[in-house]
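Please look over the sequence and the model, then go through the points by topic.

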Amino acid sequence: MRWLKTENLKSLLARWSGEYQVLAPVKEQDDVLLLPYNRDKFTIDYINFPLPVKEYLFEQKEKLFNWEKVGEKIKTKSPQGIDYNSKKILFGVRPCDAYGISYMDRFFLGEFQDANYGLKRENIWVVAINCLERGSSCFCKAMGIGPFAKEGYDLLFTPFNNGFMVEAGSPKAEKLILLAGDLFDETSLTLEDKGNLLTQVEAKFTDNLDFYNIHQVLDASFDHPIWAELAKACISCTGCTNVCPTCTCFNVVEENKSCNQGCRVRYWDSCQSDSFTRNAGNHNPRDGVSRVRYRIYDKLKYIEERFGFKGCTGCG
């Protein structure tokens, strides 16, 4: 473990910016967004970002490859303007988003490996910051995800008075530490001190949501009228899945210039879209009630049964 003085934080980010593209919390009007580091707009006064950081690994729209018919053969090549070797640091990632990245790694690099995701992931460093305050709708503690991060980071910053306890979470962290070794100090803080701080933060979660038997509750509630009530408010805007750190659904389409040339594109899709399960002949096995119910079951039951991971981070 190491110690970083608060007064050295901007110097650290500036040092890293010399070797990496650093994305950090930036104040933009009433929001704090993860954007290219700006010394003047940088802040650590935020609960969380309004959008998940997954978009830097799993883009909303991504060109996979160009193709062209030459004679009787189809030739493919990588799209121009995409640099998979660009090294990025995502600084200020909250524990719920760090867990989301860990989940994405399991999904895209586990049973079936996604080459595009893997190339980007290899060149991204995640620097997480533990939460000392709870957002009004956060329930990460109930999900066992936060408020202190357990996975999904290369470096982890825990705020204390006048500085941060800094812990490595992967071998990749050493590169970041060596690049700014003179800015870090030794620390007398221990994991026990961190645990005591965690206890203080957890005490701020006063609603005590309990998910211990959520699978059994959902099993018994499949036909409950609450799903019809929830569906009345859903307009299938897909906003809920767009802001979710663990939603991975996508569609693949062809954007063709002609019959002999085009580009294969992947973009985010959503189980809350009417077209998501629409079949040929315009048949759709899911109606509005089924769609709303499926998302809840997927996040709280199906994903955990299939992958052994929590599908909900409690990000609020």
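About 110 Å³ of space lies in the largest cavity. The model is predicted, and the count of cavities of 30 Å³ or more comes to 3. The largest pocket has a volume of about 420 Å³.

**The largest cavity**

- The lining of the largest cavity is made up of 16 residues.
- Nearest the centre of this cavity lie Ile47, Cys96, Cys131, Cys138 and Cys140.
- Sorted by class, the cavity lining has 9 nonpolar, 4 polar and 3 charged residues.
- Rolling a probe the size of a water molecule over the atoms shows where empty space is left.

**Cysteines**

- How many disulfides does the structure hold? The number is 0.
- A disulfide is a covalent bond between the sulfur atoms of two cysteines.
- Cys138, one of the residues nearest the centre of the largest cavity, has its closest cysteine sulfur in Cys140, 5.9 Å away. That is too far for a bond, because a disulfide needs the two sulfur atoms within 2.5 Å.
- Cys138 is buried, and its relative accessible area is 13%.
- For Cys259, the closest cysteine sulfur is that of Cys263, at 16 Å, so this pair is also too far apart for a bond.
- Cys259 is exposed, with 74% relative accessible area.

**The largest pocket**

- There are 21 residues in the lining of the largest pocket, and those nearest its centre are Ile44, Asn130, Leu132, Pro159 and Phe160.
- Which element gives the largest share of the pocket lining? Helix α6 does, with 4 residues.
- By class, the pocket lining contains 10 nonpolar, 7 polar and 4 charged residues.

**Overall fold**

- The protein has 10 helices and 12 strands.
- Its radius of gyration is 22 Å, close to the 20 Å that the globule rule gives for 316 residues, so the protein is as compact as a globular protein of that length.
- Taken along the principal axes, the box filled by the C-alpha atoms is roughly 65 × 55 × 40 Å.
- Buried residues make up 43% of the 316 in the protein.
- Among contacts with a separation of 6 or more, 70% are between residues 24 or more positions apart.

**Backbone details in loops**

- The peptide bond that runs from Gly146 to Pro147 is cis, and its omega is near 10°.
- Pro147 belongs to the loop between α4 (140-143) and β8.
- Thr238 is not a glycine, yet its phi is positive, at about 70°.
- The loop that holds Thr238 runs between α8 (226-232) and α9 (239-242).
- Is Thr238 buried or exposed? At a relative accessible area of 17%, Thr238 counts as buried, because the cut-off for buried is under 20%.
- Asn282, also a residue other than glycine, has a positive phi near 70°.
- Asn282 sits in the loop between β12 (261-268) and α10 (288-307).
- The relative accessibility of Asn282 is 59%, so Asn282 counts as exposed.

- Ala142 is part of helix α4, and at 28% relative accessibility Ala142 counts as partly exposed.
- Ala142 and Asp207 are separated by 65 residues in sequence, while their C-alpha atoms are 9.3 Å apart in space.
- Which residues does Ala142 contact, leaving aside its neighbours within four places in sequence? They are Leu209 and Phe211.
- Ile303 is part of helix α10 and is buried, with 5% relative accessible area.
- Ile303 and Thr246 are 57 residues apart along the chain, and the distance between their C-alpha atoms is 9.9 Å.
- With neighbours within four places in sequence left aside, the contacts of Ile303 are Tyr103, Asp298, Gly308, Phe309, Lys310 and Gly311.

Notes:
Residues numbered from 1 in each chain as written. Predicted model: local features only at pLDDT ≥ 70, side-chain atom pairs only at ≥ 80, totals over all residues. Heavy atoms only, no water. 1 Å grid on protein atoms, 1.4 Å probe; cavity = no way out; pocket = protein on both sides within 12 Å on 5 of 7 lines; lining within 4 Å. Points joined across faces, edges and corners; volume = space filled by probe spheres on them. Helix = DSSP H or I, 4+ residues; strand = E, 2+ residues; numbered from the N terminus. Nonpolar A, V, L, I, M, F, W, Y, C, P; charged D, E, K, R; others polar. Buried < 20%, exposed > 50% of the residue type's maximum accessible area, 1.4 Å probe, protein only. Rg over C-alpha atoms; globule rule 2.2 N^0.38 Å. Contact = heavy atoms within 4.5 Å.
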